[in-house]
Amino acid sequence: VQYTAREVRSGLQFLAFASRRSAGASALFADRIQRHLQRCGVDLQHLVWQTDNGGEFIGELQKDGSRSGFPRAVTRFGSQHERIPPAAHTYQSDVETVHRLIEDEFFDLESFSNRAEFLAKVTTYQLYFNLVRPNSHKGNQSPWQIIERLAPRSPLELCLLPPVFLDYYIERRKGNDLPSLP
């Protein structure tokens, strides 16, 4: 399963993979990205995560009225979480567009003999996508070029978070998957 986060204005994308969709993997994905953005000096108070209504993004309602899982991982950093209305598929058109691009430009062209080779190749693709690949819908600029224009003092490291297999970081306990590291 591919997890994708995309910043809409620049097109910057972050990828991760897991053996299945789960609340734990979604929470870990959000936590990982937010820690990275925070290290790069991004103000997370203005970050809004938009997701569909999949169970991996909803979280369970707690006694205090808060939600566990993905929503908790997002709000822990001061970010917000908005879910799109049911059946409002156009709300996710940016992410669906990038899924199609990845399918055409990467998965249809590459082959992999093991996970290490896959991670190496998908990391190279993500670097290409974020740093070099021109986007015709964004003035033929790459995400990094757009970021440089919008926020000139941003560090290049912003674009360098490599994809991972989230399963490697999840500890399974009694049928629930919870991040093994806070």
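Which residues form a nonpolar patch on the surface? They are Leu-127, Leu-156 and Leu-160. This is a predicted model, where local features need pLDDT of at least 70, side-chain atom pairs count only at pLDDT 80 or more, and totals for chains, interfaces and linings use all residues. Residues are numbered from 1 along each chain as its sequence is written, and side-chain values use heavy atoms, with hydrogens and water left out.

**View 1. A leucine patch on the surface.** Together, Leu-127, Leu-156 and Leu-160 have about 210 Å² of accessible area (Shrake-Rupley method, 1.4 Å probe, with only the protein chains shown as cover for residues). Patch members have over 30% relative accessible area and no salt bridge (a Lys or Arg side-chain nitrogen within 4 Å of an Asp or Glu carboxyl oxygen); nonpolar side chains (Val, Leu, Ile, Met, Phe, Trp, Tyr) are joined within 5 Å, like charges within 9 Å. Leu-156 sits in the loop between helix H6 (143-150) and strand S5 (170-173) (DSSP runs numbered from the N terminus: helices are H or I, at least four residues; strands are E, at least two).

**View 2. Two cysteines, zero disulfides.** A disulfide here is a pair of cysteine sulfur atoms within 2.5 Å. For Cys-40, the nearest cysteine sulfur belongs to Cys-159, 8.5 Å away. Cys-40 counts as buried at 13% relative accessibility, and so does Cys-159 at 1% (buried is under 20% relative accessible area, exposed over 50%, partly exposed in between; 1.4 Å probe, protein chains only).

**View 3. Ser-113 and Glu-117 in contact.** Look for Ser-113 in the loop between helix H4 (93-107) and helix H5 (115-131). Ser-113 counts as exposed, at 63% relative accessibility. Its side chain joins that of Glu-117 through a polar contact of 2.5 Å (N or O atoms within 3.5 Å; within protein, one able to donate a hydrogen and the other to accept it, and residues adjacent in sequence count only if both atoms are side-chain atoms).
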